[in-house]
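Here is a short briefing on a protein model. Please look over the sequence and the structure before reading the points below.

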Amino acid sequence: MGSMEQVDVVIVGAGPVGLLTAIELTLGGARVLVLERLAAASLDMKAGGLGPLGLEALERRGMASAIAAAEARSFAAMARAGADPRAKGSKYSGHFAGLALIRKDAQREPGRRSRPVDQQALEAMLADRARALGIEVGRGCDVTGLAQQADGVDVRWTSPTGEDRIRGAYLVGCDGGRSAIRKLAGFDFPGTPPSSTFYQAVAEIDHPERLSPMGWRRTSGGVFSYGPFPGRLVMLEFAGAPEDRQAPVTREEIEAVLRRVSGADVRVEALESASRWTDNTRLVDTYRQGRVLIAGDAAHIHTPFGGQGLTLGLVDAANLGWKLAAVIRGEAQDSLLDTYTAERRPVAEAVLANTLAQVAIMRPDPQSGAMRDLVGKLMELDDVNRFIGEMTSGVSTRYDLGSEHDEVGRLIGDRPVRHGDTEVSLYDLMQDGLGILLDAGAGQATKLLAASTLKVRCAAVDAGPSMLIRPDACVAWAGEAERTDGLEAALRRWF
């Protein structure tokens, strides 16, 4: 690559958030370059499942069949271990601090659920989609500097072939919790220091029956869970942060922690993979500094309970990508990018709060145990279980767009619609990243849109309300029957 070649957006980080950001931008017409420090995709075990909003962000971009295949593989593995939830008709939908969440038929759109799609499968399907779109991903590229200019950002990096640099009109940092971009650009990252250490591993245990029953267990030494996948361990120890978080996690370390936390006489005979985290909890003040933006763990870190972090980052990417592409095309003012922080930061703030609460009621002291017992009793109430389930799944997310209509600001789930004379899936209509106008009236909303040159596709629904849906599935406007009050203003604001 020649020095000072220019692209529209440089994305740092080729994990799920970086790849989805690149896909969104490319669909919006932007030319992107992705730089990744690692020479190959990480094989470390991370998230074991994905929440509904993260899954839906992928389904809207052509990955529904890949998700279904990954889910089938996960269910097959659980069935081999005798833990396939489908065989029992289980309504288990996750946990809050190890306390079971039960899927309720009365909750908002109960069909929107988490699915057992692990992070390695997720990264593979995103990489396939990126290749299909011709997105360039440079691996082994370690970003060492950036400089903001009036019309772009100069980025420098080193790779096995030497030093290089490029200018992007914008730079997006998706490079994780220890983000180099966040540090180089000077984002503040306040929060709470670590007080405990989490471990996740796939290991061969000599007497796994001594770790029964399967599921989350709180002990005097901490918290652990064994299963549902063969050999899968998750452990939490409240002895502060490790001396060296970067040190390799060894078989001996996993065995020692497992024996302390579980109290069981077991040995780890072999270790397939392992990683560690802390409950370090931090959130940037803003997601944007001029022409530099950040997303995913680069903007927020928290404990991994409930698998909320991955979905949080993917929805960051979905929110940012179409907006930044519109600005680059010259179809939106630069101020549109300010809505990225305004909409996504409150969501992250809520996730940080609920993960802090989960850690608080998992501690082994009597006071935390008493609070945990109380929360457990409250969760037996349908309304409480539903509230917590919708909170941790993200389904209750609603951006403040200044409307009193309950649908406005929510992220809409998939549903059948009519496009021309054909019934299709709403998400099928969103594959190319366009907005959608769902007309439930007598064509009044469609006529208003037809008079414009906006890149919004029309479809019809049999029952109201009519809705204007942004490319990230956020309902930007809703109106009853044939009324179109406010639609023109919403079209101007978002498209």
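Pro-52, Leu-53, Gly-54, Leu-55, Glu-56, Ala-57, Leu-58 and Glu-59 of helix H2 are buried. Helix H2 spans residues 52-59 and is mostly covered, with 8 of its 8 residues buried. The model is a predicted one. The points below cover helices, salt bridges, surface and backbone.

**Helix packing**
- Helix H1 covers residues 16-27, and helix H7 covers residues 308-329.
- The axes of H1 and H7 come within 8 Å.
- Their crossing angle is roughly 25°. Angles under 35 degrees count as roughly parallel, and H1 and H7 are therefore roughly parallel to each other.
- The crossing of H1 past H7 is right-handed.

**Salt bridges**
- The count comes to 30 salt bridges.
- One of them joins Arg-260 and Glu-237, with the closest N and O atoms 2.6 Å apart.
- This pair links distant parts of the chain: Arg-260 sits in helix H6 (residues 251-262), and Glu-237 sits in strand E13 (residues 232-237).
- Arg-260 counts as partly exposed, at 47% relative accessibility. Glu-237 counts as buried, because its relative accessibility is 12% and the cut-off for buried is under 20%.
- Glu-349 and Arg-345 also meet through their side chains, at 3.9 Å from N to O. That value falls within the 4 Å limit for a salt bridge.
- Glu-349 and Arg-345 lie 4 residues apart in helix H8, so about one helical turn separates them. In general, an α-helix has 3.6 residues a turn, so residues three or four places apart point the same way.
- Glu-349 is partly exposed, with a relative accessible area of 43%.
- Asp-406 and Arg-410 form another salt bridge, at 3.0 Å from N to O.
- Asp-406 counts as partly exposed at 36% relative accessibility, whereas Arg-410 is buried at 13%.
- A network of salt bridges links Glu-59, Glu-71, Arg-113 and Arg-115. Glu-59 is also among the buried residues of H2.

**Surface**
- Met-371, Leu-374, Leu-378 and Leu-381 make a nonpolar surface patch of about 370 Å².
- Met-371 belongs to helix H9 (residues 366-378). Met-371 is partly exposed, with a relative accessible area of 43%.
- Patch residues need over 30% relative accessible area, so Met-371 at 43% clears that cut-off.
- Ala-357 is located in helix H8 (residues 338-360). Ala-357 is partly exposed, with a relative accessible area of 34%.
- Ala-357 and Val-315 are 42 residues apart in sequence. Their C-alpha atoms are 23 Å apart in space.

**Backbone details**
- The peptide bond from Ser-212 to Pro-213 is cis, and its omega is near 0°.
- Pro-213 lies in the loop between strand E10 (197-205) and strand E11 (215-219).
- Ala-97 is not a glycine, yet its phi is positive, at about 60°.
- Ala-97 is placed in the loop between strand E3 (92-96) and strand E4 (99-102). Ala-97 is buried, with a relative accessible area of 0%.
- Ala-473 has a positive phi near 75°, in a residue other than glycine.
- The loop between strand E23 (466-469) and strand E24 (475-479) holds Ala-473. Ala-473 counts as buried, at 0% relative accessibility.

Note on methods. Residues numbered from 1 in each chain as written. Predicted model: local features only at pLDDT ≥ 70, side-chain atom pairs only at ≥ 80, totals over all residues. Heavy atoms only, no water. Patch = residues over 30% accessible without salt bridge, like charges linked within 9 Å, V, L, I, M, F, W, Y side chains within 5 Å. Areas by Shrake-Rupley, 256 points an atom, 1.4 Å probe, with all protein chains shown as cover. Helix = DSSP H or I, 4+ residues; strand = E, 2+ residues; numbered from the N terminus. Buried < 20%, exposed > 50% of the residue type's maximum accessible area, 1.4 Å probe, protein only. Axes fitted to C-alpha atoms, helices over the stretch in contact; angles between N-to-C directions. Parallel < 35°, antiparallel > 145°, perpendicular 65-115°, else oblique. Left-handed = near helix turned anticlockwise from the far one by under 90°.
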